[in-house]
Structure formats: structure tokens, C-alpha cells
Amino acid sequence: MDTERYSRQIAFPGIGFAGQEKLLRSSVTIIGLGALGSVIAEELARAGVGNLRLADRDYVERSNLARQAMYTEKDADEQLPKAIAAANHIAEINPDVATEPIIADVNASNIESLVIGADVVLDGSDNFELRALINEACVKHGIPWIYGGAIAADGAVMPILPGKGPCFHCITPTVPTPGAYPTCATAGIINMTSHTIASIEAAEAIKIIVGNPGDEAGKGASKYLSIDLWNNDFDVTDIERNSDCPVCGKGIYALLEKGIEEDMLLPLCTAGSFQIMPDTQGEIDLNALAERLSAIGRVLHNPYLLRFDGEGVSFNLFRDGRAVIRNARDAADARSIYAEYIG
Ligand SMILES: [Zn+2]
């Protein structure tokens, strides 16, 4: 072990030498590498968590740079997928850490494979639908996960330890429909909120890995921490487990069983943006497509994705065929753009 690197953590009684060894042997999955996930990834990498599985569907944009840790102007200029950019930076920060970058939309088709094998799963997502899905997968496989959310100056964290305390479904039995709640694009956010929430999530994960004595009876698992940084409100609420909960009580995993629709289309947070995931197998030859599209518009591409800007049409296409169509009039318009320009 590189004891010099970890000397301050080893000196901290909560971790010690034995705790540091556990961290180096541990595996963590981070779902979403935005304002929360990028900070969590950097903190856990510096702390010496040995294996980080990094899942995110997006690429680095300029609007990310005000909050999201590690990413640089160069990443945004090159439109690197966040999973790749994060893995690149972690390799420079700490060579002890093995990363597994996954550029994908996390959904019912892949969530179980992403969480299996992890000692703990961290929520870096930005929507309730995905958290409900993470919850089902983690409860089903008995894997602890840390819920975290941040918007404007408000945030919340709750560790969910299957079998020891309430699950996410116990506290959010009805997932709000998209559009029913504010998003960071509409309500804004300051980086201090997301950094604080991310740090609390990362601390809870480390406690689970090293085995915090105070948490042995699942003490932290039934506490919901909420903060309002603008008004200095910090609140801890005890949450009861719902014994009738279909997920943690009865083992009914409705979202996992529902699976995904074929040829999935998803409206995104930014108005007019749609994600399309065609029901096809295999990889797209981005080089060949870039050549064809460059005759009718501006094309920028790297090994992972292609960006096209033409007259009234703008999209990003990933190697697996997933595309984000911008400025579409509606879902049907997004579909026709995909068919016309990508095939
Ligand atoms: Zn529950």
C-alpha cells in the first residue's frame, strides 16, 4: 500500500490502516457523473476506493463546468463522454484506482449488471424514475445504495441499506411524472449544494465500506438528511420503514420486470431535446457517417460520439446508435430527424 498517499486517512480513527485496506479492495458503482457523480467519483478515487464503475449517458458541455468536478474546457471542446473524461482524470489522480467507464443510458435493461458486484452504489442521477429503478435493483440484490439529490440551494441524502431500514419506495411511493418537478435547468443550482450533497453521499459510502461502528445496526439507514444552504437549515428526520412496501417488503420489482420499450424515446430536461435509442444491435461506423454528413452540415466527432449541426437540425449520436436530438418540435419530429439523417 502507498501509505504516504493515504497517511491522513490512516491517521483518522474512523478508517485506520484496516479501513484503508478495505477501501482499496472495494468496488463502487456511480450512476450518473454530473454535478453529484463527478464529485463523488473524484473523492472516492482520491480516497483510494480500488474499483470504480462509472456510468453516464452524456458528454461534457460548457454548462457543466460551473459545478462538475474534474472536467475541463478541453473535455467540453472535444465533447468527451463524461464516463471517459472522468476515467481519464482519475488515471492522472490515482493509479491505484481501476475504472470501468460505461457510456450508456441506465435503464431496466442494464441496471442489474451495473450494480451486481458493487459493495455500494451511489446516486448521481437527476431524476426520480432512475432512482426508483436503482432502488429496485439494489434491494433485489441486497446492495446498499446512497440516495442523493440537489437543486438550487436544497439537497437531501439518505443511505438505503436493504433489510436494515426503509427503501426509496418507502419514502417516495409515487414517482412524480417528468415535468411535475423542477429540474436544474429550470430552478438552477449552485455548485456548493451539489458538492455538499456529493460529499455526504461519499462519506456514507466510505462508512459502509469500512464498517462504521455507529452504523452497525443500520443507524444511518433510517435517517433522511436535508439541507438548505441559502438559509442554513440542516435537518435530520427519522424515517420508518413501510412494512407493506412492495419493493423492500414484498419483493415486487415492477420497474425491472416491465423492462424497456423497444425503440425507446425519452424527452430530456432541456426543452426540445429527445433521446432516441433504436432497437438495433451493433455499433455505428461514426467515421463513415461523419463523411456523409459533412457534406450537409458541421460535423465534430471523436471515437465515442458524433455531433451534427445542420440547417435547423442538431444532434449527437453515440456509437451504440443512441442519439440526442436537439430543437425538435416534438417526439415525432425527433424520430423523423433520426430516420432522415442517421437511418
Ligand atoms: Zn421499501
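User: In this predicted model, what percentage of the 343 residues in the chain is buried?

Analyst: The model is a predicted one, and a residue is called buried here if 20 or more other C-beta atoms lie within 10 Å of its own. Applied to the 343 residues of the chain, this criterion gives a buried share of 42%.

User: Which order do the strands of the open sheet of 8 strands have, and which strands stand at its edges?

Analyst: The chain holds 13 helices and 14 strands, and 8 strands form an open sheet with mixed pairing, in the order 3-2-1-4-5-6-7-8. Strand 3 (98-103) and strand 8 (233-238) each have a single partner strand, so one side of each is left without a neighbour in the sheet. On average, neighbouring strands of this sheet are turned by 15 degrees against each other, direction ignored. The order is therefore 3-2-1-4-5-6-7-8, and the edges are strand 3 and strand 8.

User: Is strand 6 largely enclosed or largely open, and how many of its residues are buried?

Analyst: Strand 6 covers residues 154-160, and it is largely enclosed by the rest of the structure because the buried residues number 5 of the 7.

User: Which residues are the bridge partners of Gly155?

Analyst: Strand 6 pairs in the antiparallel sense with strand 5 (residues 145-151) over 7 bridges, and also in the antiparallel sense with strand 7 (residues 223-228) over 4 bridges. Strand 5 and strand 6 form a hairpin with 2 residues between them, and in that turn Ala152 has a positive phi of about 50 degrees. Within these pairings, Gly155 is bridged to Ala150 and to Ile227.

User: In which sense do strand 1 and strand 4 run, and which residue of strand 4 is the bridge partner of Ile30?

Analyst: Strand 1 (residues 27-31) and strand 4 (residues 120-123) run parallel and are joined by 4 bridges. Helix 3 (residues 37-47) packs on the sheet, where it touches strand 1, strand 2 (51-56) and strand 4, and its direction makes about 170 degrees with that of strand 2. The sense is parallel, and the partner of Ile30 is Leu122.

User: How many residues of domain 1 are in contact with domain 2, and how do they divide by type?

Analyst: The domain assignment places domain 1 at 7-257 and domain 2 at 264-341, and their C-alpha centres lie 29 Å apart. On the side of domain 1, 11 residues are in contact with 13 residues of domain 2, and the residues on that side of domain 1 divide into 7 nonpolar, 2 polar and 2 charged.

User: Are Asn232 and Asn327 exposed or partly exposed?

Analyst: Asn232, in the loop between strand 7 and strand 8, has a positive phi of about 55 degrees although it is not a glycine. Asn327, in the loop between strand 14 (323-326) and helix 13 (331-341), likewise has a positive phi of about 55 degrees without being a glycine. Asn232 has 8 C-beta neighbours inside 10 Å and therefore counts as exposed, whereas Asn327, with 16 other C-beta atoms within 10 Å, is partly exposed.

How values were computed: Residues numbered from 1 in each chain as written. Predicted model: local features only at pLDDT ≥ 70, side-chain atom pairs only at ≥ 80, totals over all residues. Buried ≥ 20, exposed ≤ 12 C-beta atoms within 10 Å, placed from the backbone. Pairing = 2+ DSSP bridges. Axes fitted to C-alpha atoms, helices over the stretch in contact; angles between N-to-C directions. Contact = placed C-beta atoms within 7 Å. Domains from an automatic or database assignment. Nonpolar A, V, L, I, M, F, W, Y, C, P; charged D, E, K, R; others polar.
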